[in-house]
Structures are given as structure tokens and as C-alpha cells.
Amino acid sequence: MRLSNTPLSLLRPLLQSSSRSLLHRSCLSTLSANQGTASCRRLSTDGSTPRPEIGQDSVNVSGQSYPRDDFTNVTPKILDKVGRNLHNQSHHPLWLIKERIKAHFYSSYVGRLGNPLFSVHDNLSPVVTVEQNFDSLLIPPGHPSRKRGDNYYLNRKTMLRAHTSAHQRELVKSGLDAFLLAGDVYRRDEIDTSHYPVFHQMEGVRLFSNHELFSKVRNGEDLSLFERGGRRTPEKQETHTLEAVKLVEFDLKQTLTRLVTHLFGEDLEVRWVDCYFPFTHPSFEMEVRFQGDWMEVLGCGVMEQELLNSAGAENKLGWAFGLGLERLAMVLYSIPDIRLFWSQDERFLKQFRVQDIHQPICFQPLSKYPPLINDISFWLPENSESFTENDFYDMVRSIGGDLVEKVSLVDEFIHPKGFIREGWRKRDERSRVTERCVC
């Protein structure tokens, strides 16, 4: 089906939105601080919280009302996902992998009194302040990751968290030295089988005192976490000693290698890639081989000391990691499409009702109907700086929902008079979940 010259009136609400732009996607590995009251709220589990809604003057989420302004860009489709908490739904594949990770950390890392070393936090509200989501992570004003084109804002000061890192500082400030944090996060993103505007992260943080880090090192009492007059290099921060950073880096990579080996076995191909985050240094990404390609599943690194200092942990040094639960579950359970995690079809859900969370599961496809390809073309005005790809993706999702598998730009034409025509290809399918024909 080809729709040529789509009436501009249908696109005008999209084109008239104020400036939006794309954030480069990165694995936001470190947990960071949040101090506002929003960060401390937990989601209700008694079913009494009103459904999120967008009013003329306010946005209502989790029983709280937030005034709308020129930055408000959250959509009804996205708000419908708030409170679903797939990672807390018993025997959902995201719950299964979260529980497997918890079980691994509980059994492998035990404190001096025999209690689990890591505490777990998986029910914090996804509504956070902009300060929590960015400033607490040392993400500077003007950074691309702050732009409306990649985030869902309730207003200029409040948003749906783009990473669970928004809760790091409050947990460190509460006195925790080792914890796991899981939750739903929200980012405006492209449409394909491995990206979705709502997904789930699980993060881990561990802090070390001087004694804890060097207690097993010969002559460790002569070593120190910090040094004066040091300088920042690709290997370390200016305040850290090289020997301390190398020990923390080794502990971090060993911890994560043990985790993925526990989850997937020895046959999984893994590689480490150096990368950059504002809140860790040095920083790394772990990639795994999936369906013939390398897929980034987590980011990690040595925490920026400025973050720990701001949380009252200036005498400690630590690491942090953040992983995507969907991407791990797709590899672990052979789930080919990220949209399937939101399915309520019994044929999907019953495949994950197992007696043992460690039981192997291989997802069985629900339908093998062929995809439908729709080409859509439309004109943009000459002054179209306010239009971004994510604006179009949001509009497609608001109409087609999860039936849309992929959207890609296949052609672009600039009219001699200055108009721009965008040609987009939208791939629909008869739903693998409901088997309804989409055309």
C-alpha cells in the first residue's frame, strides 16, 4: 500500500512541536543519584492508583499531577505502559531473568554474617526529576542526551527516567555499599525488532573501602585508593591510584563474566569494548553474539569519584554496571522480537510458567504470517528543523501500536522550490500474538 502526498493537516501537530532532537543511544551503566521526592516514591501494588492520563493542563501519573508546559511530549501510548512493571510480574520472561540474576548475586556474594551482600530495589517510581536523571550523573547542560527528541518529559523539570541510574545517588547516600536496582525506563527510539520506547534495566553498584580492596593483597596496608596531584589518563581518574583502579576493574569484569557464564554457559561469545560515559571512567561495554551480530547488553565502569563524593562516600571507590533485561532475555530464551515482551497472549505467557527459574526455555513462535510492507511519503516544509525521526516514530506507534515491526527511511527528495519529501517504509505484520490482519 502506498500513500502519496499525505495531507499536511494530518502531520501538522507533529511538525509544529517545539525543537526536538536525538540523543545518541548509550548504555547508561552507572546508577546515580536522585534526591528529589519523586525518586523516593514507590509504585502502588494494591491496584488503587489511578491510570495515567494526559489532561489539557496536566499529566497524571501514579496518583500525582504534573503541570504541562512547552516541554511536555509524553504520549498516551507511553503512559499506558507506566505501572505495568513487567519485571515484577511472576513468570514473565523479564521477571525470570531478573530473579536469576538476583539468585546468582545472593548465592555468590555473601557478607561476613552470612547475609546477601547485595540488596535489591525493583519498585521505585519511574517519574524522576531532570536533576536526578542528568545532573546527578554529571551529564552537563546542553548534552545531546537531554534533548526532547530522545526523552519523555512531563514538563521541563520532570520526566520518565531514561535509565535506572537516576536512583543511584539516593541509594549510595542512604549508606548502601552494594545493591542491584531494576525498573522500567523510557526513551524515544527507532522502530525495529530490538528497540522499544519502554524497556527494563538492571544495575549494580559495589563500593570498596581501602581495607576491603587491598585486604587480600600482599603488603596491602601500604596501598591506597587515592593519590594527590595525580592526573587523568585513559586508564584512571586523577584522584585514583592505578593499582586501585586495576583491582576494581578486575573485580568488575570478573563479576560480570561470572554472571553471563551463569546465565548462558561457556559457549556464549563475549567481547569488551572501551567506551565513554559521563559518570564512569574508565568505561566498558560488554557485547554478546546474537543471531550473527554483536549485541550490546551492558555498560560498566569505575564510578566517577565526584559522584561518590556528592553522595557522602568520598572515602570509597566503586564500580557500576547497567544491563538491558530485554536483550539478555532475547538471547537466553531465543525471543526474536522485543515487542513480544508486552504480549498478553496466553500462548506467549504460558511458555514461561516453569517450576524452576533456571529451567531452559526456548520460545516457540506463535505465527508465521508474512509481513506487509507499506510505503508512506509526505512533504516537509522548508523550515523543518523541529522535525526529528523520533517524532515520526512516535506518530507511527500511536496509530499502529506494536503491530509495527520496523520503520526505515528509504528515500529523500528536495524539491527545487525547497520542499523536502521524506519516503518511509513501514513494515507491518499480521500479529504474531493476536493473528489479526493489519493492512
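The model is predicted, so local features need pLDDT of at least 70 and side-chain atom pairs count only at pLDDT 80 or more, while totals for chains, interfaces and linings use all residues. Residues are numbered from 1 along each chain as its sequence is written, and side-chain values use heavy atoms, with hydrogens and water left out.

**Stop 1: the core.** Select Ile101, Phe321, Leu323 and Phe341, which touch the most other members of the 72-residue largest nonpolar core. Such a core is a set of buried Ala, Val, Leu, Ile, Met, Phe, Trp, Tyr and Cys residues joined through side-chain atoms within 4.5 Å; buried means under 20% relative accessible area, exposed over 50%, and partly exposed in between (1.4 Å probe, protein chains only).

**Stop 2: a salt bridge.** Now select lysine 316 and aspartate 177, whose closest N and O atoms are 2.6 Å apart in a salt bridge (a side-chain nitrogen of Lys or Arg within 4 Å of a carboxyl oxygen of Asp or Glu). Is lysine 316 buried or exposed? Lysine 316 counts as buried, at 17% relative accessibility, whereas aspartate 177 is partly exposed at 26%.

**Stop 3: another pair.** Select lysine 236 and glutamate 227, a salt bridge with N and O atoms 2.8 Å apart at the closest. Lysine 236 is buried, at 8% relative accessible area, and glutamate 227 is partly exposed, at 32%.
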